[in-house]
Amino acid sequence: LTLIPGRDRRAAARALEAGRAVLAFDLRGLGETRHGKSGTWSWMAGPPWPEVLGESGGVLANWAWFAGRPLAGQWALDMIQASRFCREQLGATSVWVAADNALGWPALLAGAAAPEHLASGSVQIPWASLHDSIRARGDDALSDVPGILERLDVSQLRNLWPAGEVSARRR
């Protein structure tokens, strides 16, 4: 079964052409719950949130980070839970993640954290090293996993996910 975070149509088409089953889904904070004027989550939450948040221009990723729950970590957990669902409820014997999109980084985190659930896949991240991200983005390079550079960089995460393919290229 191919797990496709973000409902990537090209990834779904490739998996279906290869004869694989597909589970494509939105992660939390995407779709209807996205932030800003185009999102509907503040309206759906009811008063006073439309007035407080609807026109704020606030960035959900920043709010999540400041609350100690970075979106990348939450998205990684979403992928692990979806993989477990596929194995336990749908009877999938293996789950392969296809994240050659903006969700590659959380997919790499998910595969490294739970290779028993996501044993293989293909992810795309925009840098070969977290140090590269910090050098390029400076103060905008907030850590999605607080303290990760004290222990791991991309190469160590790759080793934790031995069957996964990781490509570092700009999106």
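**Figure 1. The largest nonpolar core of the predicted model.** Among the 34 residues of the largest nonpolar core, those touching the most other members are M79, V97, W105, L108, L118 and V123, a nonpolar core being a set of buried Ala, Val, Leu, Ile, Met, Phe, Trp, Tyr and Cys residues joined through side-chain atoms within 4.5 Å. At least two residues of this core are supplied by each of α5 (71-88), β3 (96-99), α6, β4 and α8 (154-160), and the largest share, eight residues, comes from α5. Helices (H or I, at least four residues) and strands (E, at least two) are DSSP runs, numbered from the N terminus. This is a predicted model, in which local features need pLDDT of at least 70 and side-chain atom pairs count only at pLDDT 80 or more, whereas totals for chains, interfaces and linings use all residues. Residues are numbered from 1 along each chain as its sequence is written, and side-chain values use heavy atoms, with hydrogens and water left out.

**Figure 2. Surroundings of V97.** When its neighbours within four places in sequence are left aside, V97 is in contact with L3, P5, M79, A107, L118, S120, G121, S122, V123 and W161, where contact means heavy atoms within 4.5 Å.

**Figure 3. Packing of α5 against α6.** The axes of α5 and α6 lie 8 Å apart and the two helices pack at an angle of about 60°, axes being lines fitted to C-alpha atoms, for helices over the stretch in contact, with angles running from 0 to 180 degrees between N-to-C directions. The two helices are therefore oblique to each other, a class left over once angles under 35 degrees (roughly parallel), over 145 (roughly antiparallel) and 65 to 115 (roughly perpendicular) are set aside. On the α5 side, A72, W75, A76, M79 and I80 meet W105, P106, A107, L109, A110 and A113 of α6. Nine of the 10 residues of α6 are buried, leaving this helix mostly covered; buried means under 20% relative accessible area, exposed over 50% and partly exposed in between (1.4 Å probe, protein chains only).

**Figure 4. The aromatic pair W105 and W127.** The structure holds one aromatic pair, formed by W105 and W127 in an edge-to-face arrangement, at 5.1 Å centre to centre and with 75° between the planes. Rings of Phe, Tyr and Trp (its six-membered ring) pair if their centres lie within 6.5 Å, and planes under 30 degrees apart count as stacked, over 60 as edge-to-face and the rest as tilted. The pair links distant parts of the chain, 22 residues apart, with W105 in helix α6 (residues 104-113) and W127 in the loop between β4 (120-125) and α7 (130-137). Both W105 and W127 are buried.
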